[in-house]
Amino acid sequence: MADFSDPEFSVLMVCSGNICRSPLAEQVLRARLADLGSIGFSSAGTFAGEGERMPEQAAALSVRFGGDPSAHSARYLTEQMVAGADLVLAMARSHRREIVELVPRKVGVTFTLREFARLSADLSEAELAETAARGGSLRGGLAEVVALVASRKGQSGVPVSAEEDDVIDPYRRSDDTYERSAAQLVPAAEEVARVLRAAVRGVGA
């Protein structure tokens with residue numbers, strides 16, 4: 001579900017069916033940054049069935065972590081959605097690849113959720129705010145911060161295994177798998193929220 005009809009900066013979350021991982025990430029981010037109305041959050045799936053609802057387990061996890069799943073309706077990912085996003089967060093490397101193939105010019109602002117969190121983890125809030133301040137506006141400042149995170153791809157340590165940049169897909173799997181998926185997803189989403197909030201503070205918005 002997209003919020004804010006005309007945000008200054010838009011964040012798009014992407015998974016497969018847009019009923020488990022990407023809506024959970026969207027809803028957690030929206031809950032953590034509810035007071036920042038200038039940032040919009042939405043989600044979509046690479047083979048989503050339009051209008052599908054979140055499974056009971058995924059919806060319950062959203063509520064547990066402060067989200068609101070009640071109005072979610074799955075959307076199929078389109079080129080227009082990717083083109084209009086300022087930051088694209090995929091739930092797995094396979095989704096990241098599909099996103100970049102769909103709109104190649106978005107490669108610099110497309111990450112997996114856990115990859116973004118890994119790359120930004122040791123950036124202090126002061127450093128993030130200082131970087132954002134150079135952007136001259138909220139959108140420009142957030143873009144500067146995203147570029148800073150992207151620049152760390154060659155500097156930050158790589159994960160032990162590439163799968164550590166993915167969030168496991170829990171769809172039609174056990175409750176335990178849903179818990180494992182959330183344990184990977186939620187801390188990463190909260191790190192993204194930390195980065196965005198620090199950036200907004202830097203531009204004084």
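H5 and H8 lie oblique to each other. This is a predicted model, so keep that in mind throughout. H5 covers residues 113–120, and H8 covers 175–202. Their axes come within 8 Å and cross at roughly 55 degrees.

Who touches whom? From H5, we have Leu 113, Arg 114, Phe 116, Ala 117 and Ser 120. From H8, they meet Gln 184, Leu 185, Ala 188, Ala 189, Glu 191, Val 192, Arg 194 and Val 195. By class, the H5–H8 contact splits into eight nonpolar, two polar and three charged residues.

Next, H6, residues 125–133, against H8. Here the angle is about 50 degrees, and the axes are 7 Å apart. H6 and H8 are therefore oblique too. H6 passes H8 in a right-handed crossing. The H6 side of the contact is Glu 125, Leu 128, Ala 129, Ala 132 and Ala 133. The H8 side is Arg 194, Val 195, Ala 198, Ala 199, Arg 201 and Gly 202. Seven of the residues in this H6–H8 contact are nonpolar, one is polar and three are charged.

Start with the helix itself. H7 has 14 residues. From first C-alpha to last, H7 reaches 20 Å, close to the 20 Å expected at 1.5 Å a residue. Which residues of H7 are buried? They are Leu 138, Gly 141, Leu 142, Val 145, Val 146, Leu 148, Val 149 and Ala 150. As a reminder, an α-helix has 3.6 residues a turn, so residues three or four places apart point the same way.

Now H7 on H8. The packing angle is about 135 degrees, with the axes 9 Å apart. The H7–H8 crossing is right-handed. Leu 138, Leu 142 and Val 145 of H7 meet Val 195, Leu 196, Ala 199 and Val 200 of H8. What classes of residue make up this contact? Seven nonpolar, no polar and no charged.

One more residue on H8: Ser 181. Is Ser 181 buried or exposed? Buried, because its relative accessible area is 4%. Setting aside neighbours within four places in sequence, Ser 181 is in contact with Arg 21, Val 167, Ile 168 and Pro 170.

Last topic: backbone angles. Most residues other than glycine have a negative phi. Asn 18 has a positive one, near 55 degrees. Asn 18 sits in the loop between strand E1, residues 9–15, and helix H1, residues 21–32. With a relative accessibility of 0%, Asn 18 counts as buried.

Arg 172 also has a positive phi, about 60 degrees, although it is not a glycine. Where is Arg 172? In the loop between H7, residues 138–151, and H8. Arg 172 counts as exposed, because its relative accessibility is 71%.

Key. Residues numbered from 1 in each chain as written. Predicted model: local features only at pLDDT ≥ 70, side-chain atom pairs only at ≥ 80, totals over all residues. Heavy atoms only, no water. Axes fitted to C-alpha atoms, helices over the stretch in contact; angles between N-to-C directions. Helix = DSSP H or I, 4+ residues; strand = E, 2+ residues; numbered from the N terminus. Parallel < 35°, antiparallel > 145°, perpendicular 65-115°, else oblique. Contact = heavy atoms within 4.5 Å. Nonpolar A, V, L, I, M, F, W, Y, C, P; charged D, E, K, R; others polar. Buried < 20%, exposed > 50% of the residue type's maximum accessible area, 1.4 Å probe, protein only. Expected span 1.5 Å × (residues − 1). Left-handed = near helix turned anticlockwise from the far one by under 90°.
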